[in-house]
Amino acid sequence: MQTNESSQDTEIKQVIRSLCMMNNRFMNFMLDDNKKAAQVFLRVILGDDKIKVRNVRIQSFIQNIYGHSSQLDILAQDSEGRYFNVEVQRSDEGAPARRARFYSSILDTHLLQPSKLYEELPDTYVIFITENDVLRDNLPLYDIRRTIKQSARDFEDGSHIIYVNSQRRDGTALGKLMQDLYCTDPKNLHYHEFAERMEFLKYSKEGEEKMTDVIEEYAARKAEKLAKEAAETAAKEAAKEAAKEAQARNIELAKDLLSEGETIERTVRLSKLSEAEVRELASKLTA
């Protein structure tokens, strides 16, 4: 029993230590209430070293009583009152343009309080970090804003949608940040604000305890895998048993046919046994 528990503990540690920030849940833990890390994150992506993060929260649920509600992965606010929603999307299907539009609109609905003027609506940034280049222009970053079509001037409504292509992992500040998103070893991270947090989460008892839902998710996946393997094994055993029963029926049929004087060739065809099997049965019947 102790050996099994020790083996499971080792396996859990391996799972935790294999995680990178492109894992949505691990990213949440990396940035949860971690203003320093969130600040580096936003400064690099937006190219603005003056951003000062006031607070950062993970899994912020925004209720929409008139329609679809949303749970934002990471929501941060800076000293200027701007709001930043960061979403990690490993699947292309998880990052459609209209989802970004919806997240932007639901932030507006949530942030403009009753009796407030429209001019008081804060600037918002919806940032999708995608595993693949979903917009397919081979750019490291896509800064999407509304423009006045006739003059090509920006329509300054304070909303910003940004797609970051994590495949562009070069030597620029943004490229190094993207490298860090796939890094599993804190010693290899470029930004020490991430390294400190990753070291804590992966190599301290308190950090491991903090990631209970990651461990629960791992346990659920393992249980599902074991159940699938058990079902496959049961199906194979059932198939073997069915094959044995079918073979036994075919043998009995062949015996009956041979006893009634059927030819070897016809018995083979009707019983579905091989010619060698039928001839062996025939020799035993005539012995």
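User: Which residues have the most contacts inside the largest nonpolar core?

Analyst: Keep in mind that this is a predicted model. The largest nonpolar core has 43 residues, and F41, I45, I127, I129, L177 and F194 have the most contacts inside it. Helix α3 gives the largest share of this core, with seven residues. There's also a second, separate core of 16 residues, with L75, V134, Y142 and Y163 among them.

User: What is F41 in contact with, leaving aside its neighbours within four places in sequence?

Analyst: Here's the list: M27, L31, V86, I129, L177, L181 and F194. Contact here takes heavy atoms within 4.5 Å.

User: Why are α2 and α3 called roughly perpendicular?

Analyst: Their axes cross at roughly 115 degrees and come within 7 Å. The label covers 65 to 115 degrees, so α2 and α3 count as roughly perpendicular to each other. On the α2 side the contact is made by M27, M30 and L31, and on the α3 side by A37, A38 and F41. By class, that's six nonpolar residues, no polar ones and no charged ones.

User: What does α5 pack against, and which of its residues are buried?

Analyst: In α5, residues 173–181, the buried ones are L174, G175, L177, M178, D180 and L181. They pack against the helices α2, α3 and α6, and against the strands β4, β5 and β8.

User: What makes C20 and C183 count as buried or exposed?

Analyst: Relative accessible area: under 20% is buried. C20 is at 10%, so C20 counts as buried. C183 is at 12%, so C183 is buried too.

User: Where is Q77, and what is Q77 in contact with, leaving aside its neighbours within four places in sequence?

Analyst: Q77 sits in strand β2, residues 70–78. At 11% relative accessible area, Q77 is under the 20% cut-off and therefore buried. Those contacts are K52, V53, R54, N55, R82 and Y83. Q77 and K52 are 25 residues apart along the chain, with their C-alpha atoms separated by 8.6 Å.

Conventions:
Residues numbered from 1 in each chain as written. Predicted model: local features only at pLDDT ≥ 70, side-chain atom pairs only at ≥ 80, totals over all residues. Heavy atoms only, no water. Buried < 20%, exposed > 50% of the residue type's maximum accessible area, 1.4 Å probe, protein only. Helix = DSSP H or I, 4+ residues; strand = E, 2+ residues; numbered from the N terminus. Core = buried A, V, L, I, M, F, W, Y, C linked by side-chain atoms within 4.5 Å. Axes fitted to C-alpha atoms, helices over the stretch in contact; angles between N-to-C directions. Parallel < 35°, antiparallel > 145°, perpendicular 65-115°, else oblique. Nonpolar A, V, L, I, M, F, W, Y, C, P; charged D, E, K, R; others polar.
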